[in-house]
Amino acid sequence: MRAIACSALLALAVTPALAQKQSPFAEYQRMANENSPIELFEILGEEAWKKRQGTKNVSLEQCDLGQGPGVLKGAYAGLPRYFADADRVMDLETRLLHCMMTLQGRSREEATKRVFGNADNPSEMALLSAYIARASNGMPMRPGSGHPKERATIELGQKLYFHRAGPWDFSCASCHGEEDKRIRMSELPVLYKPEHARPMLSTWPSYRVSTSVLVTLQWRMNDCYRQMRMPEPVYGSEATVALISFMTKAAEGATYRGPAIKR
Amino acid sequence: MAGPMKMRATLAGGNTDVRVLMSHPMDTGQGGKTPPYFIQNVTVKVNGRTVIEGQISQAISRNPVFSFRLKGGSKGDRIEVSWLDNKGDSNKTDAVIA
Amino acid sequence: MKPQRRGLLKAAGALAVLAAGLLKPMAALAATWHKEAFGAKTAPDALRTLGAAGAEPSGAIVIEAPQIAENGAVVPIEITSNIPGTTSIAVLIEKNPFPLAAKFDFLDGALPYVKLNAKMGETSDVRVVATAGGRNYTAAKEIKVTIGGCGG
């Protein structure tokens with residue numbers, strides 16, 4: 001009797017439920033995600049993944065997203081991470097851009113010409129992101145591989161998160177630095193706190209219903225900088241990858257639930 | 001007609017659950033820039049026989065997603081869902097219950 | 001077959017084809033869209049046009065929807081009619097410019113159930129009218145609609 005009780009206690013201790021902040025829109029988000037059209041974008045994303053392009057006329061199917069060439073399962077959940085062949089930490093989109101250039105022989109200019117898309121026409125990057133993200137759905141987010149450059153990237157991300165700049169003297173923390181703040185009806189998550197980061201980071205890329213646009217984390221970084229009236233960050237730059245790394249680290253362990261649907 | 005259409009038909013609790021995703025702008029035309037452009041009819045068939053006739057408006061969200069439930073059902077049943085919009089364009093997809 | 005009979009049948013066939021509107025595209029022959037009901041600007045007008053005015057309230061119509069939607073562009077609504085013999089379900093968003101959002105006819109082989117995503121311009125009642133045995137029944141649920149977020 002005692003042995004059973006002890007092991008039961010042990011089981012409870014070993015598998016705690018990860019604390020997550022509940023939103024007043026939890027019911028809406030649950031029902032909307034159950035009834036989401038995002039699969040349509042995943043179908044198009046698969047086509048883009050398999051499409052031969054560039055001067056080398058090959059598809060992206062041999063792209064190594066961190067789990068081996070062409071391995072999609074768990075790839076998104078393991079990002080961002082360090083890649084030796086590029087000698088830097090990369091998030092999904094940075095890595096895709098790398099593969100477009102090195103595997104397919106595409107120029108950076110051509111590959112990034114239209115990274116963000118619009119309602120009638122999602123971008124190739126967004127479609128690829130949705131397709132690849134689906135292969136990590138249900139898996140725990142475990143970014144990184146333990147390489148020292150990952151730690152340095154996360155620390156840079158932390159510095160950037162709190163760094164005030166631009167004409168309004170804003171930092172990420174200006175909006176996302178304090179509990180119980182809101183913009184209109186949406187709560188502002190404090191993205192370096194795990195209980196806030198987990199429900200947030202586990203739902204990108206996402207279909208934004210208010211604009212009908214499929215959006216990614218690189219897009220979100222870009223748009224946040226725009227809203228802070230700061231210069232536009234370079235797509236896949238060290239700064240954007242650092243911020244994404246910092247926040248994804250805070251979300252570590254959360255079950256990845258994307259690609260998702262958002263307001 | 002341009003975007004993909006996807007449908008899944010699965011046996012559940014003695015009935016058939018049908019979930020269908022359609023690519024369509026479902027443009028209300030409000031604002032006057034573009035005329036209304038939306039799916040008006042959705043039809044569900046089982047083995048060639050119509051079982052659901054739906055009429056929908058521009059108040060249905062862009063890229064419509066519908067769930068339906070059919071009585072009974074068995075492996076090998078062929079479910080077809082088709083749509084027709086106000087410009088006369090149409091699309092359809094079918095699936096066999098596995 | 002006698003020649004006159006064949007001739008008669010041929011003529012009848014031709015008439016039927018003309019009546020069906022041979023010149024319309026194939027798809028239009030099969031589909032009807034209740035323009036007047038969908039163009040009605042109030043829920044009572046839409047229901048009257050559908051011949052479903054004076055529906056009696058029923059607790060056997062189940063509407064599952066979020067109490068509060070973070071955005072009105074996509075509001076998931078799940079409807080089940082537990083009224084025996086339900087042949088049709090109409091879905092209306094009362095405060096929308098054109099309240100009638102959808103009407104489903106369920107023929108033999110389909111259950112009176114649907115889940116869909118609707119657009120809601122503002123907080124409003126979602127009204128469902130179910131038709132069973134020639135009678136109409138209704139239920140409604142309020143869904144609050146907000147605008148969330150920073151526009152990004």
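A residue is called buried if 20 or more other C-beta atoms lie within 10 Å of its own, exposed if 12 or fewer do, and partly exposed in between, with the C-beta atoms placed from the backbone.

Colleagues, the model before you is predicted: local features need pLDDT of at least 70, side-chain atom pairs count only at pLDDT 80 or more, and totals for chains, interfaces and linings use all residues. Residues are numbered from 1 along each chain as its sequence is written, while chains are lettered from A and ligands numbered from 1 in the order in which they are written.

Where does Arg62(B) lie? Its place is the loop of chain B between strand S4 (49-56) and strand S5 (65-70); strands here are DSSP runs of E with at least two residues, numbered from the N terminus. Arg62(B) counts as buried because 23 other C-beta atoms are within 10 Å. Contact means that the C-beta atoms of two residues, placed from the backbone, lie within 7 Å. Neighbours within four places in sequence aside, Arg62(B) is in contact with Pro25(B), Met26(B) and Ser212(A). Thr28(B) is 34 residues from Arg62(B) in sequence, and their C-alpha atoms are 9.7 Å apart.

I turn now to chain A. Two strands pair if DSSP finds at least two bridges between them. In chain A, three strands form an open sheet in the order S6-S5-S7, and the pairing is mixed. Strand S6 (213-215) and strand S7 (260-262) of chain A are the edge strands, each with a single partner strand, so one side of each has no neighbour in the sheet. From one strand to the next, the twist averages 30°, an angle between N-to-C directions on a scale from 0 to 180 degrees, with axes fitted to C-alpha atoms. Strand S5 (residues 206-208) of chain A pairs with S7(A) in the parallel sense over three bridges, and Arg208(A) has Lys262(A) as its bridge partner in S7(A).

Finally, chain C. Which strands pair with strand S9 (residues 135-145) of chain C? One of them is strand S1 (residues 56-57), in the parallel sense over two bridges; here Glu56(C) is partnered by Tyr137(C). Strand S3 (residues 68-69) of chain C is also parallel to S9(C), joined by two bridges, with Val145(C) as the bridge partner of Ala69(C). Strand S8 (residues 124-132) of chain C, by contrast, is antiparallel to S9(C), over nine bridges. Opposite Ala132(C) stands Arg135(C). The hairpin of S8(C) and S9(C) has two residues between the strands, and Gly133(C) takes a positive phi near 55° there.

Terms used. Helices (H or I, at least four residues) and strands (E, at least two) are DSSP runs, numbered from the N terminus.
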